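Hi there,

Here is the structure I promised to pass on. Please have a look at it when you get a moment, and then read on for my notes.

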Amino acid sequence: GINFTALNASNLGSGTVPAARLSGVGKILQVQSVFYSTNTITATTSFVSMNSLNITPSATTSKIFGAFTTMIAHKGDSAATTLYSYLAVFRDLVNVHQTIQGYANLASDDHIYNNVALNFIDSPSTTSEVAYSMQVKMNGTSGYGQFNSGVANGVSMVLMEVGA
C-alpha cells in the first residue's frame with residue numbers, strides 16, 4: 001500500500017479534491033431565523049427598527065446572506081398623496097442594503113398592501129456577534145405607511161453564514 005496522506009493538493013495534475021478538504025468554502029456554516037408576529041409600526045421620516053436578529057460569524061472571511069420579509073400597508077391622506085417607503089437592512093448602525101417601495105396618487109381611503117422581501121449579502125469581517133435589523137422610513141408626513149400589518153402579519157428574518 002501507498003500512503004497518500006502527505007500528498008500536497010497543489011501537486012495534483014488532474015482529478016478532484018474531496019469536498020471535505022475544502023474547509024468550509026461556500027458552505028452554509030450556520031442559520032439563524034426568527035418570526036415576529038406582533039410588531040406593527042407606523043413609519044416616520046427617520047429609520048425605525050422593525051426588529052433584529054443576531055449572528056456570530058465563525059471567521060472574519062465569512063459572508064452573511066440575509067432574507068427579510070414583511071407586509072406594507074400604505075394609506076393616502078385627504079389629498080392625493082405619493083408615498084414612498086424606504087426599507088433598509090442595518091448591521092448594528094451601518095446601512096448595508098436599501099430598497100424603496102412607492103405609490104402615486106393615493107386618495108384618503110386608498111389602501112395598498114404589499115409583501116416585501118429584502119435579500120442581501122454582507123461581509124462583516126468580524127467574529128464578534130452582529131445584529132441585523134430591518135428598518136423603515138417614509139418620504140414625508142402626509143399619508144402613512146404601516147409595516148407588519150394587514151392580512152399577513154409578521155416580519156420573517158433569516159441569516160446564513162457562508163464560508164468564504
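Below is what I found, from the overall fold down to single residues.

First, the ground rules. This is a predicted model, in which local features need pLDDT of at least 70 and side-chain atom pairs count only at pLDDT 80 or more, while totals for chains, interfaces and linings use all residues. Residues are numbered from 1 along each chain as its sequence is written, and side-chain values use heavy atoms, with hydrogens and water left out.

**The fold**

The chain has ten strands and zero helices; both are DSSP runs numbered from the N terminus, with helices being H or I of at least four residues and strands E of at least two. In sequence order the pattern reads β-β-β-β-β-β-β-β-β-β. Among contacts with a separation of 6 or more, 81% are between residues 24 or more positions apart, where contact means heavy atoms within 4.5 Å.

The chain has 164 residues, and 32% of them count as buried. Here buried means under 20% relative accessible area, exposed means over 50%, and partly exposed is in between (1.4 Å probe, protein chains only). The accessible surface of the chain is about 9000 Å², and carbon and sulfur atoms hold 51% of that. Those areas come from the Shrake-Rupley method with a 1.4 Å probe, and for residues only the protein chains shown count as cover.

**Strand pairing**

Two strands pair if DSSP finds at least two bridges between them. Strand β1 (residues 28–36) and β10 run antiparallel and are joined by eight bridges, with V31 standing opposite M160 in β10. Strand β3 (residues 48–55) and β8 also run antiparallel, joined by six bridges; S49 has Q135 as its bridge partner in β8.

These two partners are worth a second look. In β8, seven of the nine residues are buried, so the strand is largely enclosed by the rest of the structure. Strand β10 (residues 155–162) has a covered face made of V155, M157, L159 and E161, and an uncovered face made of S156, V158, M160 and V162. As background, side chains in a regular strand alternate between the two faces of the sheet.

**Aromatic rings**

The structure holds three aromatic pairs. Rings of Phe, Tyr and Trp (its six-membered ring) pair if their centres lie within 6.5 Å; planes under 30 degrees apart count as stacked, over 60 as edge-to-face and the rest as tilted.

One of the pairs is F68 with F120, which is edge-to-face because the planes are at 80 degrees, with the ring centres 5.6 Å apart. This pair links distant parts of the chain, with F68 in strand β4 (residues 63–75) and F120 in strand β7, 52 residues apart. F68 is buried at a relative accessible area of 0%, and F120 is buried at 4%.

F120 also pairs with Y132: the centres are 5.5 Å apart and the planes at 35 degrees, so this pair is tilted. It joins strand β7 to strand β8 across twelve residues, and Y132 is buried, as is F120. Together, F68, F120 and Y132 form a cluster linked by ring pairs.

**Charges**

K137 lies over the face of Y86, 5.5 Å from the ring centre. The rule there is NZ of Lys or CZ of Arg within 6 Å of the ring centre and within 35 degrees of the ring normal.

How many salt bridges are there? The count comes to one, taking a side-chain nitrogen of Lys or Arg within 4 Å of a carboxyl oxygen of Asp or Glu. R91 and D122 form that salt bridge, their closest N and O atoms being 2.5 Å apart. R91 is in strand β5 and D122 in strand β7, so the pair ties together parts 31 residues apart in sequence. Both R91 and D122 are buried.

**Loops and one exposed alanine**

D92 has a positive phi of about 55 degrees although it is not a glycine. D92 sits in the loop between β5 (81–91) and β6 (94–106) and is partly exposed, at 42% relative accessibility. S125, likewise not a glycine, has a positive phi of about 55 degrees; S125 lies in the loop between β7 (111–122) and β8 (130–138) and is exposed at 53%.

Finally, A117 in strand β7 is exposed, with a relative accessible area of 51%. Leaving aside neighbours within four places in sequence, A117 is in contact with F68 and T69.

Best wishes
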